[in-house]
Amino acid sequence: MQELLSIKDLRVEFDLGRATLNAVNGVNLSLNAGESFGIVGESGSGKSVTAQAIMRIVPNPGKIVNGSIMLNAPGGAEQGSDGGVDLARINTRGGLIRKIRGGRIAMIFQEPMTSLSPVHRIGDQIVEAVMLHRTRDKAEARDIALHYLERMQITNPQQRFREYPFNLSGGMRQRVMIAMGLACDPDLLIADEPTTALDVTVQSQILELLEGLREEMGMSILYITHDLGVVAEVTQRIAVMYLGRIVETGTTRQVLKNPRHPYTKGLIDSFPKLSGARQERLQAIPGNVPVPIGLPWQCGFRSRCPVAIDGKCDTSVPAMTPVEDGHMVRCFHNGDTKEPPLPQAPAPRARRSLFSGGRT
Amino acid sequence: MAKYILKRLIYALILLWLISIVSFLVIELPPGDYLTSVVAALEQSGSKVSVEQLEALRQQYGLDLPSYLRYFRWISGFLVGDFGYSFEWNRPVSDLVVEPLILDAFIAVLIVLVTYAIAIPIAVYSATHQYSVGDHTVTFLSLLGLATPSFLLALVTLYIATTWFGIDLTGLNSDEFLLAPWSLAKFADMLWHLPTQILIVSTYMAAGVVRVMRASLLDELRKQYVVTARAKGVGERKLLFKYPVRLALNPIISEMAMVLPATISAATVTAVVLGLPTAGPMLLRALISQDTFLSATILMFLSFLVIIGSTIADLLLVLVDPRIKLERSEIRG
């Protein structure tokens with residue numbers, strides 16, 4: 001299978017002045033063309049920042065400090081273009097990233113209520129994207145936009161085209177967002193919590209639509225979600241993130257049926273199941289995700305882990321270890337390999353002395 | 001839409017009528033009347049006024065009538081373009097006020113335009129460079145501007161222009177045009193003198209508008225739809241002006257309804273300082289000498305300007321922001 005996107009050792013930091021927040025802490029990820037992939041994690045796991053890093057829209061003061069995000073050429077050799085482009089090194093204000101944003105990678109967001117401009121017509125917002133990437137002809141762009149509104153099963157697209165977002169329900173707006181993303185025929189669609197803000201019935205409709213279009217258009221979809229239900233329903237492979245690192249990855253089946261990391265197990269136990277006998281109480285994972293500022297060099301999950309090994313989990317970080325074909329886990333209960341400590345990064349810029357007159 | 005405008009106009013007329021009552025009442029509030037001040041002036045210069053003479057004058061000016069009757073005579077004249085008689089100038093008010101009021105309206109519109117032309121670019125720069133040296137400078141200057149009365153700004157400008165550059169910025173026209181009839185040359189000369197006042201008042205007004213616009217743009221810049229547009233591949237500059245700036249304009253358009261009255265009062269005071277023959281100084285003088293009809297008429301027209309201005313602001317807002325919709329019945333008319 002052809003690789004579309006390859007993330008290597010990605011680190012994203014937020015320089016908060018007094019401290020540095022390590023939002024993404026060495027993520028490795030590979031996404032194939034046409035694949036449906038899920039990144040699962042709680043708030044603060046770094047999953048959204050990873051997605052933002054791909055689009056290079058990490059909000060200030062976030063910065064990619066390490067790693068690469070290779071986006072391979074579409075269709076490989078047949079397009080005649082060699083190699084890909086490293087999104088981590090691209091100029092975020094340049095022309096190339098603007099071609100990629102929307103054109104090759106589209107993104108839809110969690111809040112359909114706020115992610116469309118309230119004062120522009122829906123049709124115009126889609127046409128804007130189409131005219132940036134697909135055609136310069138306004139009439140053609142309009143046809144394309146209408147086509148995708150129709151594909152997203154928006155009733156009466158001709159009329160909706162002229163309406164404003166405030167005329168639409170949340171589910172409709174999310175369909176519009178998706179139509180806008182798909183209208184430029186991207187290779188990859190990043191869906192950041194695409195159904196979180198919607199009713200459950202609308203959720204599954206939208207997921208079904210997305211999956212149908214993915215198969216038909218041959219694009220990849222990267223789902224960013226905290227919802228195991230979404231993941232189980234639509235993804236082929238998943239990665240579970242915790243505290244800026246991937247802790248377990250594999251096919252969706254492998255990870256959900258045979259979770260090997262205590263965090264993944266906890267996540268699954270805390271998720272209600274409809275099938276089978278009535279369960280006892282849901283098991284919540286005790287504690288909260290720590291704030292990733294100045295954390296010690298140890299397993300990120302140690303503070304909440306029921307099976308932490310003293311003297312091991314608190315002194316080193318487990319490396320990703322294969323447990324089955326394609327199934328990898330970052331836990332000392334599944335192997336002994338340790339993550340090599342970070343090459344002592346350019347000594348965290350010697351603390352500004354009180355007298356240097358820097359900004360405080 | 002047409003029906004909406006009509007409705008607004010009817011409201012405006014009712015409002016004007018109420019304003020006419022209130023302003024007439026307020027003008028009548030001080031003890032005495034125009035003749036009291038005339039008598040005082042005459043007595044100061046040594047001459048005596050007999051009681052009979054005074055009564056005759058009272059009757060001549062209609063000052064013996066009760067207030068409500070005089071109000072009624074004055075306001076009913078409005079319908080036929082008769083705004084009463086100015087005691088002090090001894091001429092019909094309509095002869096006196098037209099020229100200064102046109103000038104006033106002209107200046108007010110220019111001030112509003114220049115205010116926004118100054119304020120919007122500065123606010124956009126300030127918000128997109130938040131906490132930079134430039135932003136702090138803008139913030140400092142606009143707070144200073146807010147705290148400085150416009151007449152003081154006018155005085156300082158005059159002082160600097162006269163003592164440092166030897167330029168006389170007062171008046172509407174250079175001396176040679178003062179008594180000349182209106183001509184193209186006189187108009188051109190006026191355009192040379194007007195900017196002083198317009199710039200002074202606009203700078204003063206812009207300080208407030210910058211604060212509002214900067215705050216609202218900062219809000220908009222953080223909104224999700226900005227990220228959406230960026231994720232579509234829209235260039236940063238186009239994105240800035242098409243989305244957040246566009247939305248950040250709404251509050252300052254609705255603020256126009258407030259900017260206009262403030263403009264007129266600031267323009268009045270600066271016009272006094274700069275010696276401009278606008279309605280402002282004339283109003284001030286008429287108020288001091290208790291020239292009832294003249295001052296009430298000027299007040300009426302200034303209110304009219306303000307009401308027109310805020311109606312325009314409301315209509316603009318409907319055009320700019322689709323979320324503000326007139327009620328269905330009002331649209332269909």
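## The sheet of chain A

An open sheet of four strands, with antiparallel pairing, is formed in chain A in the order β2-β1-β4-β5. The edges of this sheet are β2 (20-32) and β5 (85-86) of chain A, each of which pairs on one side only. The model described here is a predicted one.

Strand β1 of chain A, which covers residues 3-15, is joined by eight bridges to strand β4 of chain A, residues 62-71, and the two run antiparallel. The pairing of β1(A) with β2(A) is likewise antiparallel and has ten bridges. For A:Val12, the bridge partner in β4(A) is A:Ile64. The hairpin made by β1(A) and β2(A) has four residues between the strands, and within this hairpin A:Gly17 adopts a positive phi near 90°.

## The helix across the sheet

Helix α1 of chain A, residues 47-55, lies across β1, β2 and β4 of chain A, and its direction makes an angle of about 70° with β2(A). The helix is mostly covered, with nine of its nine residues buried. The buried residues of α1(A) include A:Val49, A:Ala51, A:Ala53, A:Ile54 and A:Met55, and also A:Lys47, A:Ser48, A:Thr50 and A:Gln52. Just after α1(A), the backbone at A:Arg56 takes a positive phi of about 60°.

## A helix pair in chain B

Two packed helices are described by the angle between their axes and the distance between the axes. In chain B, helix α5 (residues 93-128) packs with helix α11 (residues 244-274) at an angle of about 140°, and the axes of the two helices are 10 Å apart. The angle makes α5(B) oblique to α11(B), because an angle has to be over 145 degrees to count as roughly antiparallel. The crossing in which α5(B) passes α11(B) is right-handed.

On the side of α5(B), the residues that meet α11(B) are B:Ile107, B:Ala108, B:Ile111, B:Val112, B:Thr115 and B:Val124. Those of α11(B) are B:Val245, B:Met256, B:Val259, B:Leu260, B:Thr263, B:Ile264 and B:Ala267. Divided by class, the contact of α5(B) with α11(B) has eleven nonpolar and two polar residues, and no charged ones.

B:Glu236 lies 168 residues from B:Tyr68 in sequence, and the C-alpha to C-alpha separation of the two in space is 64 Å.

## The contact between the chains

The contact takes 23 residues from chain A and 18 residues from chain B. On the side of chain A that touches chain B, α2 (95-100) and α3 (122-133) of chain A each supply at least two residues. The largest share of this side of chain A, four residues, comes from α3(A). By class, the residues of the side of chain A that touches chain B divide into eleven nonpolar, six polar and six charged.

Definitions and conventions. Residues numbered from 1 in each chain as written. Chains lettered and ligands numbered in written order. Predicted model: local features only at pLDDT ≥ 70, side-chain atom pairs only at ≥ 80, totals over all residues. Pairing = 2+ DSSP bridges. Contact = placed C-beta atoms within 7 Å. Axes fitted to C-alpha atoms, helices over the stretch in contact; angles between N-to-C directions. Parallel < 35°, antiparallel > 145°, perpendicular 65-115°, else oblique. Left-handed = near helix turned anticlockwise from the far one by under 90°. Nonpolar A, V, L, I, M, F, W, Y, C, P; charged D, E, K, R; others polar. Buried ≥ 20, exposed ≤ 12 C-beta atoms within 10 Å, placed from the backbone.
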